[in-house]
Amino acid sequence: MGIKYSIVDGSEKMNIDEVIRLLRMTYWADKCSTLQIEKSMQNSSCYGVRLDDNKKLVGFARVISDYATTYYLCDVIIDTAYQHMGLGTALVSYIESLPEYAGLRGILITRDAHDLYRRYGYEVLNDRVMVKALNC
């Protein structure tokens, strides 16, 4: 018997303080301001993982898309206390199954969990990916 959880679809169903707590656990958004995080959520489709027993948000991800050609999967984080329980797989699987992203080019920039993302067709393309660093 595994951990009981539900997927949350929509930033309006999440508490910003819970999202900030999760993003503070990351190397890529730990220094972002509350305003930057709020704006990023307002301009993205947001998804989360909430525990059924205590309603705690333990996972978060955002998607930015034009819904015609490309989507960018970003800020995927599972609370460190709940990692390696299948919650990250559940969250990414949910997002990848949504019809609005079907057939679109997915972009993801991460140094972590490459095996997880490979299951959904992502490949590491070091020779072609260009990134301008975020200032936060």
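Tutor: Start with a cut-off: buried means under 20% relative accessible area, and exposed means over 50%. Keep in mind that this is a predicted model.

Student: Why is Asp-79 called buried?

Tutor: Its relative accessibility is 4%. Buried requires under 20%, so Asp-79 counts as buried.

Student: What makes Lys-56 and Asp-79 a salt bridge?

Tutor: Their closest N and O atoms are 3.9 Å apart. The limit is 4 Å, so the pair qualifies. Lys-56 lies in the loop between β2 and β3, and Asp-79 in the loop between β4 and α3, so the bridge ties together parts 23 residues apart in sequence.

Student: Which label does Lys-56 get, buried, partly exposed or exposed?

Tutor: Partly exposed, at 28% relative accessibility.

Student: Why is Asp-115 called exposed?

Tutor: Its relative accessible area is 59%. Exposed means over 50%, so the label holds. Arg-118, at 46%, is partly exposed.

Student: What joins Arg-21, Lys-56 and Asp-79 into one network?

Tutor: Salt bridges that share partners. The whole structure has six salt bridges.

Student: How many residues are in the largest nonpolar core?

Tutor: It has 22 residues. Among those with the most contacts inside it are Tyr-47, Leu-91 and Tyr-117. β2, β3, β4, α3 and α4 each supply at least two residues.

Definitions and conventions:
Residues are numbered from 1 along each chain as its sequence is written. This is a predicted model: local features need pLDDT of at least 70, side-chain atom pairs count only at pLDDT 80 or more; totals for chains, interfaces and linings use all residues. Side-chain values use heavy atoms; hydrogens and water are left out. A nonpolar core is a set of buried Ala, Val, Leu, Ile, Met, Phe, Trp, Tyr and Cys residues joined through side-chain atoms within 4.5 Å. Buried means under 20% relative accessible area, exposed over 50%, partly exposed in between (1.4 Å probe, protein chains only). Helices (H or I, at least four residues) and strands (E, at least two) are DSSP runs, numbered from the N terminus. A salt bridge is a side-chain nitrogen of Lys or Arg within 4 Å of a carboxyl oxygen of Asp or Glu.
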